[in-house]
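Please keep the sequence and the coordinates in view while reading.

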Amino acid sequence: MCAALNIRGRENFALELPSNFSNMAEYDLTSRMGQYLDRHLVFPLLEFLSAKEIYKEGDMLKGKLELLSNTNMVDFAMDVFKQLYSEHKVPYGLRDKRSEVVAQLKKLQSETEPIIKILEEPTVVEQIESTRDGRDLFQYLEKHHNFKVEMLDTLYAYAKFQYECGNYTGATEYLSFHRVLVAPEDKRAIKSLWGKLASEILMQNWDAALEDLQRLQEVIDNQTFTTPLKMLQQRTWLIHWSLFVYFNHAQGRELIIEKFLYQPHYLNAIQTACPHILRYLTTAVITNKSLKTRRQQVLKDLVKVIQQETYTYKDPITEFIECLYVNFDFDMAQQKLRECRMVLTNDFFLVACLDDFIENARHLIFETFCRIHNCISINMLAEKLNMNPEEAEKWIVNLIRDAPRDAPLDAKIDSKLGHVVMGTQNVSPYQQVIQKTKTLVFRSQNLAINIEKKEKALAVIAAGGEKKSWLPQ
């Protein structure tokens, strides 16, 4: 069995699957994700797949070699070639390319050296730290250090070259300078932000990456692109890149819910271009322990989206929610939970969420089952939770004991009869009103922002033209 992996519109290469791994590959999203990622961001995904041995190693090496073909990481490409074709010598083309890269690096270093000296002077560093407006800083450098606009282009070219060589630390440093000094309307301003975000992700600097992600989102949301399609493209890329940050940052699971579920532009982008992102949104909702009293409302909103998109995308994770909250089919939910374990184990972004997911998914099954029944057999619950009766009883005891004060679990265990007896939980009208109006302020703010944007756009058209902006290639 073979699967074609397409990376960002590049030539397909076949991945041959071992016969016992076909189910794992069925839920592998690398081919879909790669279309919206920079090739450097695809390398960690391919390394993960290699470690999981889902595909034949030879095909994975061919994929890496194809990705490396348009980068300056020639030494890495040589190592991969030697692993793939141990009986062959390294092609002259790679050796020649290495010489060209070294020569180009030396040339850019000599051109950039005087710029770096200016930017590293103590007075300039102090000025950079104290000045918030990039134009004021540029005027200061222009006046006191003979800084020119062409120097920004040189700095950008050097940063990009460092990135293509795999020196993400250097790229981050030079792109930081470039971002501060470049004018917002410059065609390379947004490209610089994309490059800085990618570099921070690859260095696993999650706090800095989150700041860059938020800054880039603000730029994208406030820019007027030439067509709605280009705006959709930008948001779709941002959604995919953000997964690296959200599933590694402490606040990530909360932020992914707020952006993907409650920001209409991004939810619309998911539904239009990338419904497979629902896997990650669903996992974030299930594993997010900070939701507490909001959980039911968030789950309700999530279920609505999953139902709308079930004809375009579904996997065991989204089907688990559907079985539990739409069909109330606990046997099927139990089966899907088993499949979820396999999906999570083999997903680059979700593998670290496995234990939290299984624990919280069992909690959701127990919670939903208890809403329907007043008295439940522990043996039956153990079966629904994929546990033996003793483990299930201990788990339920801990669940009741550790329930938060603002959302207590009204249940008692009758050990003699082997039953869990549920108390009645009536939600007061006051709490019902709070739940219904909780997101009202957020939605009102979004509505006001959208109206303001429309008014500005109409004003621009009335003034006799449309604003022009630059889209990164």
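Are K336 and E319 buried or exposed? Both K336 and E319 are buried, where buried means under 20% relative accessible area, exposed over 50%, and partly exposed in between, computed with a 1.4 Å probe and protein chains only. The model is predicted, so local features need pLDDT of at least 70 and side-chain atom pairs count only at pLDDT 80 or more, while totals for chains, interfaces and linings use all residues. Residues are numbered from 1 along each chain as its sequence is written, and side-chain values use heavy atoms, with hydrogens and water left out.

The chain contains 24 helices and 5 strands; these are DSSP runs numbered from the N terminus, with helices being H or I of at least four residues and strands E of at least two. Of its 473 residues, 47% count as buried. The accessible surface of the chain comes to about 24800 Å², and carbon and sulfur atoms account for 51% of that surface; the areas come from the Shrake-Rupley method with a 1.4 Å probe, and for residues only the protein chains shown count as cover. Contact means heavy atoms within 4.5 Å. Among contacts between residues at least 6 apart in sequence, 64% join residues at least 24 apart.

Side chains of opposite charge can pair when their charged atoms come close. The structure holds 17 salt bridges, each defined as a side-chain nitrogen of Lys or Arg within 4 Å of a carboxyl oxygen of Asp or Glu. K336 counts as buried because its relative accessibility is 12%, whereas E339, with a relative accessible area of 22%, is partly exposed.

A further salt bridge joins R279 and D315, whose closest N and O atoms are 2.8 Å apart. R279 sits in helix α16 (residues 278–287) and D315 in the loop between α17 (295–309) and α18 (316–325), so that the pair, 36 residues apart, links distant parts of the chain. R279 counts as buried at 1% relative accessibility, and D315 counts as buried at 0%. Elsewhere, K196, E200, D212 and R215 are linked in a network of salt bridges.

The structure holds 2 cavities of 30 Å³ or more; on a 1 Å grid over the protein atoms alone, a cavity is a set of points where a 1.4 Å probe fits but cannot get out, and lining residues have an atom within 4 Å of a point. About 90 Å³ of space lies in the largest cavity. Its lining has 14 residues, of which D28, T30, L45, D347 and F348 lie nearest the centre. The elements giving two or more residues to this lining are α2 (30–34), α3 (39–52) and α16, and the largest share, 3 residues, comes from α3.

Finally, L152 is found in helix α9 (residues 149–164) and is buried, with a relative accessible area of 7%. Leaving aside neighbours within four places in sequence, L152 is in contact with F138, F147, H178, L181 and V182.

Conventions: On a 1 Å grid over the protein atoms alone, a cavity is a set of points where a 1.4 Å probe fits but cannot get out, and a pocket is an open set with protein on both sides within 12 Å along at least five of seven lines; lining residues have an atom within 4 Å of a point. Grid points are joined across faces, edges and corners, and a volume is the space filled by probe spheres set on the points.
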